[in-house]
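Dear colleague,

I am passing on a structure that you have not worked with before, and the sequence and coordinates are shown just below. My notes on what was found follow after that.

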Amino acid sequence: MVKLRRFFAFIGMAGTLAAISLGGASAASASPVNAYAAQAAAAGLTEQQSHSLQSQVDDQMKRMKPGAVQVSANQIRTADGDALITLPLPGEKVARAINAAEPISAFASCPYKYMCLYDGTGYTGLMMQLYTCKFYNLGDVGLNDRLSSYINNQTPGTAGDFYNWEEFWAWKFSSAGAYSQQSLLGSPYNNYIDGVYPCYN
Ligand SMILES: [Ca+2]
């Protein structure tokens with residue numbers, strides 16, 4: 001009788017293990033793109049908006065150096081892991097993480113300790129968040145000649161340098177120390193900058 005009970009206990013355990021491995025198999029077969037579509041649906045996007053967003057992400061990734069990784073429905077991390085690119089959700093001007101609470105103001109889009117670059121004026125459009133203290137070649141992410149505004153929300157007083165590629169890296173201007181912000185519309189530097197060193201001092 002004891003032996004029989006052990007036998008059934010073993011069967012029960014085997015059944016549980018089978019269920020676990022089945023669950024694992026189905027999770028592994030779900031593609032990331034489907035997961036992002038589900039994320040978009042959960043955020044209230046229509047199927048059409050979700051497709052449109054994914055094709056924008058695909059287009060942006062084609063402009064980037066190989067190895068970039070889509071990390072959410074509207075975000076891409078660069079291959080070196082040093083920058084995060086966020087695309088505005090369909091119908092919105094200001095970029096935000098898809099699971100962030102809305103509404104978000106342009107100024108709230110740049111987290112503390114980051115230098116944020118925008119391809120739109122007034123801190124709108126595609127946002128590239130720089131965290132690491134190093135030189136960023138905007139050509140590596142297809143953002144050369146596209147910078148229109150930036151928010152410097154690094155630690156207080158930290159300033160960045162902005163460069164243009166002229167067969168060498170030509171320094172053009174420095175930002176004011178953090179916190180600072182600037183819209184380049186109307187300046188000679190709108191859609192002109194090709195490189196940024198976010199933390200010169
Ligand atoms: Ca340029």
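Helix α2 passes α3 in a right-handed crossing, in what is, please keep in mind, a predicted model. The two helices, α2 covering residues 32–42 and α3 covering residues 47–62, pack at an angle of about 130 degrees, and their axes are 9 Å apart. Because angles from 65 to 115 degrees count as roughly perpendicular and those over 145 as roughly antiparallel, this angle makes α2 oblique to α3. On the α2 side the contact is made by Val33, Tyr36, Ala37, Ala40 and Ala41, while α3 contributes Gln49, Ser50, Leu53 and Gln54. Sorted by class, this contact of α2 with α3 has 6 nonpolar and 3 polar residues, with no charged ones.

Of its 201 residues, 30% are buried. Among contacts between residues at least 6 apart in sequence, 59% join residues that are at least 24 apart.

Leaving aside residues up to four places away in sequence, Tyr179 touches Asn152 and Asn153. The C-alpha atoms of Tyr179 and Tyr112 are separated by 9.3 Å, although these two residues are 67 residues apart along the chain.

How values were computed:
Residues numbered from 1 in each chain as written. Predicted model: local features only at pLDDT ≥ 70, side-chain atom pairs only at ≥ 80, totals over all residues. Buried ≥ 20, exposed ≤ 12 C-beta atoms within 10 Å, placed from the backbone. Contact = placed C-beta atoms within 7 Å. Axes fitted to C-alpha atoms, helices over the stretch in contact; angles between N-to-C directions. Helix = DSSP H or I, 4+ residues; strand = E, 2+ residues; numbered from the N terminus. Parallel < 35°, antiparallel > 145°, perpendicular 65-115°, else oblique. Left-handed = near helix turned anticlockwise from the far one by under 90°. Nonpolar A, V, L, I, M, F, W, Y, C, P; charged D, E, K, R; others polar.
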